Amino acid sequence: TEAIGLYNLGQSCCLNSLLQVFFMNIHFTGILRRITVPLSPVQKRNDVPYQMLLLLEKMQCGKCKAVDPIDLACCLSKHRVQLFVQHDAAQLFLTLWNLLKKQMKKPELVEELSDLYTICIQEHLACQKCSFEIKNNSTMLTLPLPVLDSNSHRLKTLEDCLQYFFRPEELTGQNMCFCQQCGRKTPFLQSMKLVHLPQTLTLHLKRFCFERSSHTHKLGHFLPFSQDLDFNAVLTEDQCQADDKEKSTWQYELFAVVAHSGSTSCGHYCAYIRSLTECKWYCFNDSQVCQVSWDDVKCTYGRSNLYWRETAYLLIYMKKHPH
């Protein structure tokens, strides 16, 4: 009935933050509770969904303020998830989700897990010389949103980042594509169109910038995001490929923020999560858990002159009115 922390096993703050985001999502735990329990002790030790379920029950049944996720961490290490190293939250989220999906035995649960998190995008290529078009649908676990434009100018709001991600781009010069109808390379217009949004939507703010020297630095500038997000108000008709029934569910409310503090080489993660049962915000910082205000969450907007401050890295939104 109360928020429980997770002890840091040694650079496991990223894992701890993501686990708390999973466990505080009642839609996810509803799936996790219906998994098939492995038969043998060896299978149980190696099964990620089962170990996650054991940890969830340990957190809910225990009387401690925090529990240690050592059994799950050992299980993950057998699936090539390194321990005692710094992880990138977006990459680790994808790894955990793929392991869950791969090891869930019931097809209906795999489908539910996919429906809960998967975004569908249509990639659209159109020749600028004739009517030739290529359309491909693809799925994504997160929307990787740039925080800088192509001229390295800062994008000012989350809505700007979304609009920039879905902007059309002209492919000219060396980037021209071969047109089957024209029989030669021609300029193309490349665009992404939104087809479907899931119940739990994860937005990845690309705060880590890779330079040609292979050095990575963090973009800590101010980037506000709101508690409410309506994709119908953010994207244009040309940026959507969905019917009215689908679009009617595109109103979201912020559920969690996975924040990063420090530098790329020496950093720390924590999670701000809104309890779906109490409608209160909590900060999960490894073994420390405390109730916070929306003003505390807004402190993760970022500030250019304070790189060590907490900066939002993953934003997790939930549908207000699902089908």
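## Asp228 and its neighbours

Setting aside neighbours within four places in sequence, Asp228 is in contact with Tyr252, Glu253 and Lys320, where contact means heavy atoms within 4.5 Å. With Lys320 there is a polar contact from side chain to side chain, at 2.9 Å. A polar contact here is a pair of N or O atoms within 3.5 Å; within protein, one must be able to donate a hydrogen and the other to accept it, and residues adjacent in sequence count only if both atoms are side-chain atoms.

Asp228 sits in strand S13, residues 228-230. Helices (H or I, at least four residues) and strands (E, at least two) are DSSP runs, numbered from the N terminus. Is Asp228 buried, exposed or partly exposed? Asp228 is partly exposed, because its relative accessible area is 41%; buried means under 20%, exposed over 50%, and partly exposed in between (1.4 Å probe, protein chains only). Asp228 and Tyr317 are 89 residues apart along the sequence, but their C-alpha atoms are 8.6 Å apart in space.

## What kind of model this is

This is a predicted model, so to speak of local features takes a pLDDT of at least 70, side-chain atom pairs count only at pLDDT 80 or more, and totals for chains, interfaces and linings use all residues. Residues are numbered from 1 along each chain as its sequence is written, and side-chain values use heavy atoms, with hydrogens and water left out.

## A four-stranded sheet

Now for a sheet. Four strands line up in the order S4-S3-S9-S6, forming an open sheet with antiparallel pairing. Two strands count as paired if DSSP finds at least two bridges between them. Strands of a sheet pair through backbone hydrogen bonds, either parallel or antiparallel. The edges are S4 (133-140) and S6 (169-171), and each of these pairs on one side only. On average, neighbouring strands of this sheet are turned by 25° against each other, direction ignored; the axes behind that angle are lines fitted to C-alpha atoms (for helices over the stretch in contact), and angles run from 0 to 180 degrees between N-to-C directions.

Over how many bridges do S3 and S4 pair? S3 (residues 119-127) and S4 pair over eight bridges, in the antiparallel sense. Glu123 stands opposite Asn136 in S4. Over in strand S9 (residues 188-196) you'll find Val195, which is buried because its relative accessible area is 18%. Leaving out residues up to four places away in sequence, Val195 touches a list of residues, including Cys120, Ile121, Gln122, Asn137 and Trp250. Val195 and Ala66 are 129 residues apart in sequence and 41 Å apart in space, C-alpha to C-alpha.

## Two buried residues

Lys218 belongs to strand S12, residues 216-218. Lys218 is buried yet has no salt bridge, and the nearest side chain of opposite charge, Glu310, is 9.5 Å away. For charges, Lys and Arg count as positive and Asp and Glu as negative; His and the chain ends are not counted. A salt bridge is a side-chain nitrogen of Lys or Arg within 4 Å of a carboxyl oxygen of Asp or Glu. So what does the side chain of Lys218 reach at 3.3 Å? That would be the backbone oxygen of Gly262. The backbone oxygen of His260 lies 3.0 Å from a polar atom of the Lys218 side chain.

Thr29 is in helix H2, residues 26-32. Thr29 counts as buried because its relative accessibility is 8%. Not counting residues up to four places away in sequence, Thr29 touches Phe22, Phe23 and Leu56.

## Salt bridges

The structure holds six salt bridges. In one of them, Arg34 pairs with Glu112, and the closest N and O atoms are 2.5 Å apart. Arg34 lies in the loop between H2 and helix H3 (41-46) and Glu112 in helix H7 (residues 107-117), so the pair ties together parts that are 78 residues apart in sequence. Arg34 is partly exposed, with a relative accessible area of 36%, and Glu112 is partly exposed at 31%.

Another salt bridge joins the side chains of Lys105 and Asp47, at 3.7 Å from N to O. Lys105 lies in the loop between helix H6 (89-103) and H7, and Asp47 in the loop between H3 and helix H4 (48-61), so this pair links parts 58 residues apart in sequence. Lys105 counts as exposed at 58% relative accessibility, whereas Asp47 is buried at 5%.
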